[in-house]
Amino acid sequence: LWEQSDLGLSATFSPDGHHILTCQRKFAKLWFAESGELAHTMEATDFVVEVILFSPDSQKVLTACMEFDHRVKLWSVTSGECLHTLAHHGEGHQAAFSPDSQQVLTTAVEGSGAILWSVQTGER
């Protein structure tokens, strides 16, 4: 077991159990679950990361600042690089991966409603 004092405000395991994703302020951090070693630090927003998710296949990470900048970002677990920034117009409420990890659904309280995005292209 390992202990980490810098985990942040929210944490989740990857579906395959190999990684832990945490968020604190504008950063999301990806950790190796077994060793506790930091794999990647992702600057996800200029504000506060409010949503963190793993794709069901454990290959992608989603971070979102739904209240302030309305941006959802998709990241590679392997490289830690941002693959796409999805600009959801309107104050966001929620985000979810499809079961096959090929799409992301975002919803907004006001504005653009629900949008289905391609994980591969970042397009609607």
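This text walks through a protein chain, from its strands to its sheets and then to single residues.

The model is predicted, so local features need pLDDT of at least 70 and side-chain atom pairs count only at pLDDT 80 or more, while totals for chains, interfaces and linings use all residues. Residues are numbered from 1 along each chain as its sequence is written, and side-chain values use heavy atoms, with hydrogens and water left out.

Start with the overall make-up. The protein chain has 0 helices and 11 strands. Both kinds of element are DSSP runs numbered from the N terminus: helices are H or I with at least four residues, and strands are E with at least two. Read from the N terminus, the order is β-β-β-β-β-β-β-β-β-β-β.

Next comes burial. Of the 124 residues in the protein chain, 40% are buried. Buried means under 20% relative accessible area, exposed means over 50%, and partly exposed lies in between (1.4 Å probe, protein chains only). The protein chain exposes about 6800 Å², and carbon and sulfur atoms supply 49% of that area. Such areas come from the Shrake-Rupley method with a 1.4 Å probe; for residues, only the protein chains shown count as cover.

A contact means heavy atoms within 4.5 Å. Take the contacts in the protein chain with a separation of 6 or more: residues 24 or more positions apart account for 30% of them.

Now look at how strands join. Strands of a sheet pair through backbone hydrogen bonds, either parallel or antiparallel. Here, two strands pair if DSSP finds at least two bridges between them.

The angles run from 0 to 180 degrees between N-to-C directions, and the axes are lines fitted to C-alpha atoms, for helices over the stretch in contact. S1 and S2 pair in the antiparallel sense over 4 bridges.

Side chains of opposite charge can pair when their charged atoms come close. A salt bridge is a side-chain nitrogen of Lys or Arg within 4 Å of a carboxyl oxygen of Asp or Glu. By this rule the count is 1. The side chains of Lys26 and Glu43 form it, at 3.1 Å from N to O. Lys26 lies in the loop between strand S2 (19-24) and strand S3 (27-32), and Glu43 lies in strand S4 (residues 38-43), so the pair ties together parts that are 17 residues apart in sequence. Lys26 is partly exposed, at 28% relative accessibility. Glu43 is also partly exposed, with a value of 41%.

Move on to another open sheet. Its 4 strands have the order S5-S6-S7-S8, and the pairing is antiparallel. S5 and S8 are the edge strands, each pairing on one side only. The twist averages 15 degrees from one strand to the next.

Follow S7 (residues 71-76) in this sheet. Of its 6 residues, 5 are buried, so S7 is largely enclosed by the rest of the structure. S7 pairs with strand S6 (residues 60-65) in the antiparallel sense over 6 bridges. Leu62 has Leu74 in S7 as its bridge partner. S7 also runs antiparallel to strand S8 (residues 82-87), joined by 5 bridges. Leu74 has His84 in S8 as its bridge partner. For Arg71, the bridge partner in S8 is Ala87. S7 and S8 form a hairpin with 5 residues between them. In its turn, Gly80 has a positive phi of about 80 degrees.

Finish with two serines. Most residues other than glycine have a negative phi, and most peptide bonds are trans. Ser58 is not a glycine, yet its phi is positive, at about 65 degrees. Ser58 sits in the loop between strand S5 (51-54) and S6. Ser58 is buried, with a relative accessible area of 3%. Ser101 is not a glycine either, and its phi is positive at about 65 degrees. The loop that holds Ser101 lies between strand S9 (92-97) and strand S10 (103-108). Ser101 is buried, with a relative accessible area of 4%.
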